[in-house]
Amino acid sequence: MNLIIDQGNSITKMALFRAGQLQNVDCYPKWDATTVNDFLNSHKIEAAIFSTVTEPDKEALSLLRERVPVFVRFDHSTNIPVKIGYRTPQTLGLDRIAAVVGASIQCSGKPILVIDAGTCVTYDLLTQEGVFTGGNIAPGIRLRLLAMHEHTGKLPQVEPDGELPEMGFSTETAMRAGATLGVAYEIEGYIARLKRDYPLLFVFLTGGDALKLAAKIKSRIFVDENLVLTGLNRILQENAKI
């Protein structure tokens with residue numbers, strides 16, 4: 001059994017994979033040595049990979065290294081099954097790399113656009129030759145709503161969940177629709193533009209806002225909320241040779 005740990009800014013996901021298939025995902029707002037110890041006592045783990053965008057709990061990492069036979073700390077020196085064409089590879093987000101790897105498993109030999117819709121929206125391109133050429137970063141739904149509130153004098157703080165008309169009928173719905181549909185139309189624009197250069201482009205949508213945005217996107221896309229976890233498991237296999 002493989003243990004995949006993806007630590008974000010607000011939650012940490014711990015997922016189990018068996019024979020390449022995702023078994024279950026648990027989310028923890030607090031991730032520390034106690035969390036790891038309890039999890040390992042309940043599951044027989046043969047190999048694990050840890051990826052983070054923030055500072056991890058050192059005691060928790062030590063525990064993983066001690067108790068798991070094969071442990072990989074994912075960083076920019078880790079072997080990955082795609083080529084990086086980014087000019088500054090050391091600045092490339094590990095979650096972006098993992099998502100692209102996860103997509104490549106499903107569409108080998110095809111050009112791929114991976115859209116990860118979270119706090120920020122990232123657009124990452126993998127060529128049919130397996131080269132991750134790079135991508136763009138834009139503010140996500142929540143960030144757009146927060147910016148409108150913080151950088152104006154009267155616009156309120158609006159939550160992303162709620163009524164979502166095509167055209168707002170109040171300040172709240174106008175801001176929510178503007179932020180959400182703005183991201184959706186942005187996504188449509190990227191897909192249309194890239195398909196001019198890559199007619200066989202496959203598009204994957206992942207991240208916390210994936211399902212919300214998928215309902216507003218008319219282009220053909222594949223929604224996979226666990227793309228990063230799938231990619232991390234593939235990277236673990238690549239490095240552990242299991």
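**Sheets, helices and cores**

Mentor: Start with α7, which lies across β1, β2, β3, β4 and β5 and runs at about 125° to β1. Helices (H or I, at least four residues) and strands (E, at least two) are DSSP runs, numbered from the N terminus. Axes are lines fitted to C-alpha atoms, for helices over the stretch in contact, and angles run from 0 to 180 degrees between N-to-C directions. Keep in mind that this is a predicted model, where local features need pLDDT of at least 70 and side-chain atom pairs count only at pLDDT 80 or more, while totals for chains, interfaces and linings use all residues. Residues are numbered from 1 along each chain as its sequence is written, and side-chain values use heavy atoms, leaving out hydrogens and water.

Trainee: In what order do the five strands of that open sheet run?

Mentor: In general, strands of a sheet pair through backbone hydrogen bonds, either parallel or antiparallel. Here the order is β3-β2-β1-β4-β5, with mixed pairing. β3 (21–28) and β5 (70–73) are the edge strands, each pairing on one side only, and the twist averages 15° from one strand to the next. To count as paired, two strands need at least two DSSP bridges between them. β2 and β3 have seven, in the antiparallel sense; Leu16, for one, has Asn24 in β3 as its bridge partner. Helix α2 (residues 58–67) also lies across β1 (2–7), β4 and β5, at about 145° to β5.

Trainee: And which strands are at the edges of the six-strand sheet?

Mentor: Those are β6 (83–84) and β11 (222–223). The order of this open, mixed sheet is β6-β9-β8-β7-β10-β11. β6 pairs with β9 (residues 131–139) in the parallel sense over two bridges, and Lys83 has Val131 in β9 as its bridge partner. α3 packs on this sheet, touching β7, β8 (120–126), β9 and β10, and its direction makes about 125° with that of β9.

Trainee: Which residues touch the most other members of the largest nonpolar core?

Mentor: A nonpolar core is a set of buried Ala, Val, Leu, Ile, Met, Phe, Trp, Tyr and Cys residues joined through side-chain atoms within 4.5 Å. Buried means under 20% relative accessible area, exposed over 50%, partly exposed in between (1.4 Å probe, protein chains only). Among the 29 residues of this core, Ile4 and Ile49 touch the most other members. Elements supplying at least two residues each include β2 (12–18), β4 (47–52) and α7 (227–240). Leaving out residues up to four places away in sequence, Ile49 touches several residues, including Val72, Phe74 and Leu232 (contact means heavy atoms within 4.5 Å). There is also a second, separate core of 24 residues, with Leu113 and Ile217 among them.

Trainee: One more: is Asp209 buried or exposed?

Mentor: Asp209 counts as buried because its relative accessibility is 2%. Look for Asp209 in the loop between β10 (202–206) and α6 (210–214). Its side chain makes a polar contact of 2.7 Å with that of Arg142. A polar contact is a pair of N or O atoms within 3.5 Å; within protein, one must be able to donate a hydrogen and the other to accept it, and residues adjacent in sequence count only if both atoms are side-chain atoms. Beyond its neighbours within four places in sequence, Asp209 also contacts Ala117, Gly118 and Ile141.
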